[in-house]
Amino acid sequence: RSAAYICRQMAKSVVKSGLCKRALVQLSYAIGVAKPLSLFVETYGTEQGKLTSVDITNIIKIAFDCRPGAIAQSLALREPKYQETAAYCHFGREPYTKDGIKFFEWENAKDLAHFKTMTSAQVTSALKASNYLSKWVD
């Protein structure tokens, strides 16, 4: 379930940041391997500016860590909140904080707008300069 949460956050982030108008994000894992084996991003041809769907995939690799422990930490999944999240669906809810515990953190999109003005070469350069190989199988 945590992978579904991070996929939702990734899709919302690229759309809300104006990188594309529509996005589908899929991850696949292997048992006993922390890094995701594959990342699939479909933008349905709605990329904005000079970015391609490959560029948007690379931006996601730069901005997100999808190892299970990193997902649990970034989305605050280890906080006790099961009663609140068990009813009325996990997606489409307003994120909020109550008594210091974050609820529905996956609904908060990351701001990726600074990538919007980049060219493909700049995104590729940023990917190479990042630590994405520590987070993703390549």
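Read along the sequence, the protein chain runs α-β-β-α-α-α-β-β-α, which comes to 5 helices and 4 strands. Helices (H or I, at least four residues) and strands (E, at least two) are DSSP runs numbered from the N terminus. This is a predicted model, in which local features need pLDDT of at least 70 and side-chain atom pairs count only at pLDDT 80 or more, while totals for chains, interfaces and linings use all residues. Residues are numbered from 1 along each chain as its sequence is written, and side-chain values use heavy atoms, with hydrogens and water left out.

**Confidence and burial**

- The mean pLDDT (the predictor's confidence in each residue, from 0 to 100) of the protein chain is 86, and 89% of its residues reach 70 or more.
- Where is confidence lowest, and where is it highest, in the protein chain? Helix H4 (residues 82-85) has the lowest mean, 65, and strand S1 (residues 24-28) has the highest, at 95.
- Of the 138 residues in the protein chain, 40% are buried. Here buried means under 20% relative accessible area, exposed means over 50%, and partly exposed is in between (1.4 Å probe, protein chains only).

**Around tyrosine 44**

- Tyrosine 44 belongs to the loop between strand S2 (38-42) and helix H2 (53-63).
- Its backbone deserves a look: tyrosine 44 has a positive phi of about 55° although it is not a glycine.
- Is tyrosine 44 buried or partly exposed? Tyrosine 44 counts as partly exposed because its relative accessibility is 37%.
- Together with Leu24 and Phe40, Tyr44 makes a nonpolar surface patch of about 250 Å². Patches are made of residues with over 30% relative accessible area and no salt bridge, with like charges joined within 9 Å and nonpolar side chains (Val, Leu, Ile, Met, Phe, Trp, Tyr) within 5 Å. The accessible areas come from the Shrake-Rupley method with a 1.4 Å probe, and for residues only the protein chains shown count as cover.

**Rings and charges**

- Arginine 22 lies over the face of tyrosine 44, at 3.9 Å from the ring centre. A charge sits over a ring if NZ of Lys or CZ of Arg is within 6 Å of the ring centre and within 35 degrees of the ring normal.
- Phenylalanine 64 has the charged end of lysine 110 over its ring, 4.4 Å from the centre.
- How many aromatic pairs does a search of the whole structure find? The search finds 0. Rings of Phe, Tyr and Trp (its six-membered ring) pair if their centres lie within 6.5 Å; planes under 30 degrees apart count as stacked, over 60 as edge-to-face and the rest as tilted.

**The salt bridge**

- Side chains of opposite charge can pair when their charged atoms come close.
- The count here comes to 1 salt bridge, where the rule asks for a side-chain nitrogen of Lys or Arg within 4 Å of a carboxyl oxygen of Asp or Glu.
- Aspartate 65 and arginine 67 form it through their side chains, at 2.5 Å, N to O.
- Aspartate 65 counts as buried because its relative accessibility is 19%, whereas arginine 67, at 29%, counts as partly exposed.

**Contacts across the chain**

- Leucine 27 is in strand S1 and is buried, with a relative accessible area of 17%. Its C-alpha atom is separated by 8.6 Å from that of cysteine 66, 39 residues apart along the chain.
- Glutamate 42 lies in strand S2 and is partly exposed, with a relative accessible area of 27%. The C-alpha atoms of glutamate 42 and alanine 23 are separated by 5.6 Å, with the two residues 19 apart along the chain.
- Threonine 57, in helix H2, counts as buried at 13% relative accessibility. The C-alpha atoms of threonine 57 and threonine 43, 14 residues apart along the chain, are separated by 9.7 Å.
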